[in-house]
Amino acid sequence: MLNADTTAKLLIVDDLPENLLALNALIRQEGRTVFQASCGEDALNLLLEHEFALAILDVQMPGMNGFELAELMRSTEKTRHIPIVFVTAAGKESNYAFKGYESGAVDFLYKPLDIDAVMGKVNVFVELYRQRHEIRRQVKALEKNRQQQDALLQKLQISQHELQKAVRMRDDFMSVVAHELLTPLNTLFLETQLRKLELDRNHPEMFQKPGLADMFGRDQQQIQSMVKLIDDILDVGRISHNRLSVRPRPTELSSLVKRAVGQLSGQAAAAGVAVAVQAEETIQGCWDEFRIEQVVINLLTNALRYGDGKPVTVSLHAVPDGACIEVRDQGKGIPAGDQQRIFEQFERGADRISPDGFGLGLYISRQLVEAHGGSIGLESEAGKGSVFTVTLPLAMPETVSP
């Protein structure tokens, strides 16, 4: 059973109905569709509408004869490649054959028709048509395969590029991890070496209460730095596996903001940066208190690092159905081309005052805010500082609940 794509369409043109009927009956077979036309004009309409494997034209027709129709076919792009077989009652000795071939014919049939000759010629042209059709199909299939291979190659190249980028990021990350963790560890190590040296020299006075308080304070600061670095690494792992823990409960935001700022008061004082808090409005909502505090601390830490030592303002105010937290610094600002980049993993500003951190704070902050159904944005202008804005709904939508 042949499908529609391999069905050969044949056109027979003759002004006599009995000739059309006889030729139709002779050449019709399974896998062929025979179209009939009784004049050149009707034949042209069919030729422009269908793709034919063969056209059998009667030479002697009133109006447009077979030769004229053939010349029109050869002058049209759609029909110029259709094989033409002329049918004529004139003898072989006439000059019809010469004129026919000149018009574009590939063969002649002479009346009265030889059944075997007709069948043989039609079979040849139908087979040639099917071979051409199969070749076109194979060419299209090859082209499709080539396109698929090109697309696959492009995907592989992209994957290779992403893999190489991931390997570079991993290597850079491990280098940063080693550097960032070694800094507090080296400080602790030097402190312990100093204490051991003082003990060996029998100087116990440094271990009296005032000295111990300073000692424990320095140790605590270094340990907290390491804990913060490790927590950031763990949070990134949780985010990548969709396991970030967010546990909302009734929370008052003003006291949370003030508490977060208070935790960094020592760091701000050490950097000589004045931090103003504008959070007098009581705003009650349902948030993960620990996570929102983490966001405020990350943004404030960022402002202290990049603020050029100038005053920083942390403000809180209500918005319709939510709350807005702003952290404003007066640093150099962030170029427009970097304002989206800095929210990605391991991305940090180019002109950093402090080398601390993995460049994960803004990335984690954005994930935490979005997990609450909120948004985080940035406005910055060169020489005029930056403003990070966090907008939170009063309650987490169910669609983003953990």
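The legends below describe close-up views of a predicted model.

**View 1. Confidence along the chain of the predicted model.** Averaged over the chain, the pLDDT is 83, and 83% of the residues score at least 70. Over residues 350-355, however, pLDDT stays under 50, and for this stretch the model has 10 contacts beyond four places in sequence. Where pLDDT is low, the predicted coordinates should not be read in detail.

**View 2. The aromatic pair of phenylalanine 67 and phenylalanine 86**. The count of aromatic pairs in the model comes to three, among them the one in this view, in which the ring centres of phenylalanine 67 and phenylalanine 86 lie 5.0 Å apart. Because the planes of these two rings stand at 80 degrees, and an angle over 60 counts as edge-to-face, the pair is described as edge-to-face. Phenylalanine 67 belongs to helix α3 (residues 66-74) and phenylalanine 86 to strand β4 (residues 84-88), so that the pair links distant parts of the chain, 19 residues apart. Phenylalanine 67 and phenylalanine 86 are both buried.

**View 3. The aromatic pair of phenylalanine 343 and phenylalanine 388**. Here the ring centres are 6.1 Å apart and the planes meet at 65 degrees, so this pair, too, is edge-to-face. The pair links distant parts of the chain, 45 residues apart, with phenylalanine 343 in the loop between β10 (322-328) and α10 (361-371) and phenylalanine 388 in strand β12 (residues 386-393). Phenylalanine 343 has a relative accessible area of 5% and is therefore buried, while phenylalanine 388, with a relative accessible area of 2%, is buried as well.

Note on methods. Residues are numbered from 1 along each chain as its sequence is written. This is a predicted model: local features need pLDDT of at least 70, side-chain atom pairs count only at pLDDT 80 or more; totals for chains, interfaces and linings use all residues. Side-chain values use heavy atoms; hydrogens and water are left out. Rings of Phe, Tyr and Trp (its six-membered ring) pair if their centres lie within 6.5 Å; planes under 30 degrees apart count as stacked, over 60 as edge-to-face and the rest as tilted. Helices (H or I, at least four residues) and strands (E, at least two) are DSSP runs, numbered from the N terminus. Buried means under 20% relative accessible area, exposed over 50%, partly exposed in between (1.4 Å probe, protein chains only). pLDDT is the predictor's confidence in each residue, from 0 to 100. Contact means heavy atoms within 4.5 Å.
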